[in-house]
Amino acid sequence: MTASYFNLQPDFLEDEFVKLIPLEEKHFEELFEAASDPLIWEQHPSKDRYYREGFTTFFQAAMDSKGSFLILDKQTNEVMGTTRFYDYDPEKSSVAIGYTFITRKFWGGPYNKSCKKLLIDYAFQHVNSILFHVGAANLRSQKAVLKLGAEKSRDMIITANGVDMPYFEYELKK
């Protein structure tokens, strides 16, 4: 595959269910409102993201990544959550997709899969492998990445805010 410029934050990805637009500072309040439900974070290793302090750390990392998106309902423009590209490695021709959350109102429908498909289809124009890092206790997300066709590739420890947390890495090959 010839190396090409991989813009981790294209201006616009959409399908019939969702629109992904580049995350901006001005989105903080509406995204925090969406994230302020403790049940969203129940299975997540970082359970404090429904508090302003925990969410502020999460949001700043999203902004710093230069690969984050605001997820909007295509029909209503309602904020549903966020997702991002990260850990792009041109040598290994891989990128990770994650840090995704979607409000409970949109759970169980086509939204998460739709969002991931947009990112996967776009990424596979530039890389051969997509990685997903899922908390070891996050069974909901593990099932979701398996449904996408990803396979568990390794166990890992991710350190966040000085705390070591068990994670699994899943890989989806082109």
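How many salt bridges does the count come to? The count comes to eight salt bridges, where a salt bridge is a side-chain nitrogen of Lys or Arg within 4 Å of a carboxyl oxygen of Asp or Glu.

Two remarks on the basis of these values. This is a predicted model, in which local features need pLDDT of at least 70 and side-chain atom pairs count only at pLDDT 80 or more, while totals for chains, interfaces and linings use all residues. Residues are numbered from 1 along each chain as its sequence is written, and side-chain values use heavy atoms, with hydrogens and water left out.

Let me take some of the salt bridges in turn. Glu 29 and Arg 52 join their side chains in a salt bridge, with 3.0 Å from N to O. This pair links distant parts of the chain, since Glu 29 is in helix 1 and Arg 52 in helix 2, 23 residues apart. Helices here are DSSP runs of H or I with at least four residues, and strands are runs of E with at least two, both numbered from the N terminus. Glu 29 is partly exposed at 45% relative accessibility, and Arg 52 is partly exposed at 40%. For these terms, buried means under 20% relative accessible area, exposed means over 50%, and partly exposed lies in between, with a 1.4 Å probe and protein chains only.

Another salt bridge is that of Asp 121 with Lys 117, whose closest N and O atoms are 2.6 Å apart. Because these two are four residues apart in helix 3, about one helical turn separates Asp 121 and Lys 117. In general, an α-helix has 3.6 residues a turn, so residues three or four places apart point the same way. Asp 121 has a relative accessibility of 39% and counts as partly exposed; Lys 117, at 47%, is partly exposed.

Between Arg 154 and Glu 169 there is a salt bridge with its closest N and O atoms 3.0 Å apart. Arg 154 belongs to strand 7 and Glu 169 to strand 8, so the pair ties together parts that are 15 residues apart in sequence. Arg 154 is partly exposed, at 42%, whereas Glu 169 is buried, at 8%.

I turn now to helix 1. Which residues of helix 1 are buried? In this helix, which runs over residues 28–35, the buried residues are Phe 28, Leu 31, Phe 32, Ala 34 and Ala 35. They lie on the same side of helix 1 because they cover an arc of only 160° around the axis, the arc being that of the directions from the helix axis to the C-beta atoms. Their packing partners are helix 2 (52–65), strand 3 (68–73), strand 4 (79–89) and strand 5 (94–102).

Within strand 3 we find Leu 70, which is buried with a relative accessible area of 1%. Leaving aside residues up to four places away in sequence, Leu 70 touches several others, including Leu 31, His 27, Glu 30, Val 79 and Gly 81; contact means heavy atoms within 4.5 Å. From Leu 70 to Met 80, ten residues away in sequence, the C-alpha to C-alpha distance is 7.8 Å.

Next, the backbone of two loop residues. Most residues other than glycine have a negative phi. Lys 66, although not a glycine, has a positive phi of about 60°. Lys 66 sits in the loop between helix 2 and strand 3 and is exposed at 57% relative accessibility. Asn 77 has a positive phi near 65°; this residue is in the loop between strand 3 and strand 4 and is partly exposed, at 43%.

Finally, the largest pocket. What is its volume? The volume of the largest pocket is about 1,200 Å³. A pocket is an open set of points on a 1 Å grid over the protein atoms alone, where a 1.4 Å probe fits, with protein on both sides within 12 Å along at least five of seven lines; lining residues have an atom within 4 Å of a point. Grid points are joined across faces, edges and corners, and the volume is the space filled by probe spheres set on the points. Of the 46 lining residues, Thr 100, Asn 112, Lys 116, Asn 138 and Ser 141 are the closest to the centre of the largest pocket. Among the elements that each supply at least two lining residues are helix 3 (111–123), helix 4 (139–147) and strand 6 (129–135).
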